[in-house]
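I opened the model to look up a few local features. My notes follow in the order I took them.

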Amino acid sequence: QCLPPATCSASTGRCACPLSIMSLVAYNATSTNETCVCPNDPFLTYNGSACVSSINDTADTQVTINFMLVPTSRNIALNSTTSANMTTKISNFFLGTFSKTCSDSCIRIYNTKSPLADLQLFVLANVSLTSMQRIQFVRFIFSEPSLYNDSYSPTKVAMIIDTTTNVTVTFATIPYLCDVCSNTKVGTCNANNDGCNCLPAYQGQYCDTPALQSSSDNRSWTIIVAVVSAVAGLLLIISLVMCIFFCKKRHEASAKVPTSITNRPYFTIPRAHIP
């Protein structure tokens, strides 16, 4: 069965989405019903004509956490003891791990009431995190089975890791720290998952430092520069020698004066007169 905003296509007999950018998904884990979601769901939701921001709120760090609840399309802010406890745990993590103060209004938690999970929370925090710190935050969420309460455990976390691309990454299990390399496209995890195999332009345990030019490259460039300089110097010397040579020849040629004809002996033949 197709559930809104999905509709049944008369031509194919299958569920179809109102927008080409939307995707068909199972309504929930135990249902064969299908519905449509926007890209980067639940950060974006369908309002009847377009995919727009799910809530009228924004923050530097946004994350959704699936625990798995009663389906509804509304986003409702949680103002309960459970929400306060969760806020305190996240605030303590930011302060203890990153030395960043973020509490009270800095952290807002919304219940998306998504049909795709029993419980899905939308967490916003006005704190700027690096890509590595975002991976650490995801690891913290998975390592806190009672982050919401004792009845729910995190099953899926969606978060933007690389803020330069704004691509949402979904984690179904606790990530390795080295996963930051693949998510930022600077390398891949090594065989032991305790560091990264970096692309040529990067270096460091997690490829977070621009690579320095190797000494062999420096030697190669030194040799090339030396050879080019030597050739240029040789050509300059040859040019100077040729110039001096031709100038000297020209000077010698102009210094030679031919013997004047007046300095030569000559005879005069008298002209004959006809009577």
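The peptide bond from proline 4 to proline 5 is cis, with omega near 5°. Most peptide bonds are trans, and most residues other than glycine have a negative phi.

Before going on I noted that this is a predicted model, in which local features need pLDDT of at least 70 and side-chain atom pairs count only at pLDDT 80 or more, while totals for chains, interfaces and linings use all residues. Residues are numbered from 1 along each chain as its sequence is written, and side-chain values use heavy atoms, with hydrogens and water left out.

Next I looked up positive phi values. Asparagine 166, in the loop between β11 (156–160) and β12 (168–171), has phi near 55°. Cysteine 207 also has phi near 55° and lies in the loop between β15 (202–203) and β16 (209–210). I then checked burial (buried is under 20% relative accessible area, exposed over 50%, partly exposed in between; 1.4 Å probe, protein chains only). Asparagine 166 is partly exposed because its relative accessible area is 47%, whereas cysteine 207 counts as buried at 3%.

I turned to helix α2 (residues 131–143). Its 13 residues should span 18 Å at 1.5 Å a residue, and the end C-alpha atoms are 19 Å apart, which agrees; the expected span is 1.5 Å times one less than the number of residues. Buried residues in α2 include Ile135, Val138 and Ile141, and phenylalanine 137 and phenylalanine 140 are buried too.

I searched the whole structure for aromatic pairs and found 10. Phenylalanine 137 and phenylalanine 140 form a stacked one, 6.3 Å centre to centre with 15° between the planes. Rings of Phe, Tyr and Trp (its six-membered ring) pair if their centres lie within 6.5 Å; planes under 30 degrees apart count as stacked, over 60 as edge-to-face and the rest as tilted. These two residues are about one helical turn apart because they are 3 residues apart in α2.

Last, I looked at phenylalanine 246, which is in helix α4 (residues 215–255). Phenylalanine 246 counts as exposed, at 52% relative accessibility. An unreviewed UniProt entry places a "transmembrane region" at residues 221–247; such annotations may be inferred rather than shown by experiment. I found that span to be 100% helix and 0% strand, with end C-alpha atoms 39 Å apart.

How values were computed
Helices (H or I, at least four residues) and strands (E, at least two) are DSSP runs, numbered from the N terminus.
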